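Please examine the sequence and the three-dimensional structure shown below.

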Amino acid sequence: MRLLVAAAVVQVLTAVLGSGSGWARALALVLTTVLVGLFLGGNSRLPGVPLIGLGLLLNVLVVVANAAMPVSVTAAARAGISRADLHLGSDALHEAIGPGTHLRLLADVVPVALPWRPQVVSPGDVLVVAGVALLSLSLRSAPRGRRSWSTTRPPPGRTRRPCPTEGVRGR
């Protein structure tokens with residue numbers, strides 16, 4: 001959990017102190033990705049974590065291929081967002097999808113027309129949300145006092161060994 005808290009702190013500090021700096025936001029994105037990746041690697045057996053990891057990987061691939069996250073202006077319009085509201089000219093981490101866009105299907109192309117906050121998300125974002133939901137449900141359904149999947153089931157390949165005195169009646 002400390003890794004996730006550190007990643008959140010990096011994002012908040014960057015938003016507050018370096019919001020106008022493209023290099024600060026890019027550095028924060030890399031650092032956050034590393035911290036979250038370490039968390040995911042250490043918790044890969046938890047339900048939903050592989051989906052979260054796959055979603056983040058897809059997002060990283062499209063951002064690296066384009067040096068920013070491409071956004072579909074058409075999908076934004078379907079969600080109820082104007083091109084001006086996307087702030088593409090002032091946001092160094094997002095750009096409009098164009099003829100030179102690589103991995104277009106992994107970009108922000110999914111319109112989400114929420115009444116309180118419409119947005120455009122990527123397929124990777126959808127996988128992350130699905131993974132977080134699955135993880136939350138699995139932790140919520142764990143017995144009280146046992147909030148970790150690893151404490152409720154033995155690791156793969158291991159079975160419970162019976163106690164040497166199990167099944168032996170006392171004299």
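At what angle do helix α3 and helix α6 pack, and how far apart are their axes? In this predicted model, α3, which covers residues 49-66, packs against α6, which covers residues 123-141, at an angle of about 160 degrees, and their axes lie 7 Å apart. Because angles over 145 degrees count as roughly antiparallel, α3 is roughly antiparallel to α6. The crossing of these two helices, α3 and α6, is left-handed.

The residues that form this contact can be located on both helices. On the α3 side they are V49, L51, I52, L54, G55, L56, L58 and N59, and on the α6 side they are G124, D125, L127, V128, A130, G131, V132 and L135.

Helix α3 may now be considered by itself. It contains 18 residues and reaches 26 Å from its first C-alpha to its last, close to the 26 Å expected at 1.5 Å a residue. Its buried residues are V49, I52, G55, L58, N59, V62 and N66.

Since its relative accessible area is 66%, A67 is exposed.

A positive phi is also found at H87, another residue other than glycine, where the value is near 55 degrees. H87 belongs to the loop between α5 and β2. With a relative accessible area of 49%, H87 is partly exposed.

Helix α4, residues 73-79, contains A77. This alanine counts as exposed because its relative accessibility is 53%. Although A77 and P111 are 34 residues apart along the chain, their C-alpha atoms are separated by 8.2 Å.

The view can finally be widened to the whole chain. The protein chain has 7 helices and 4 strands, and along the sequence these elements follow the pattern α-α-α-β-α-α-β-β-β-α-α. Of its 171 residues, 29% are buried. Among contacts between residues at least 6 apart in sequence, 60% join residues at least 24 apart.

Definitions and conventions. Residues are numbered from 1 along each chain as its sequence is written. This is a predicted model: local features need pLDDT of at least 70, side-chain atom pairs count only at pLDDT 80 or more; totals for chains, interfaces and linings use all residues. Side-chain values use heavy atoms; hydrogens and water are left out. Axes are lines fitted to C-alpha atoms, for helices over the stretch in contact, and angles run from 0 to 180 degrees between N-to-C directions. Angles under 35 degrees count as roughly parallel, over 145 as roughly antiparallel, 65 to 115 as roughly perpendicular and the rest as oblique. A crossing is left-handed if the near helix is turned anticlockwise from the far one by less than a right angle, and right-handed if clockwise. Contact means heavy atoms within 4.5 Å. The expected span of a helix is 1.5 Å times one less than its number of residues. Buried means under 20% relative accessible area, exposed over 50%, partly exposed in between (1.4 Å probe, protein chains only).
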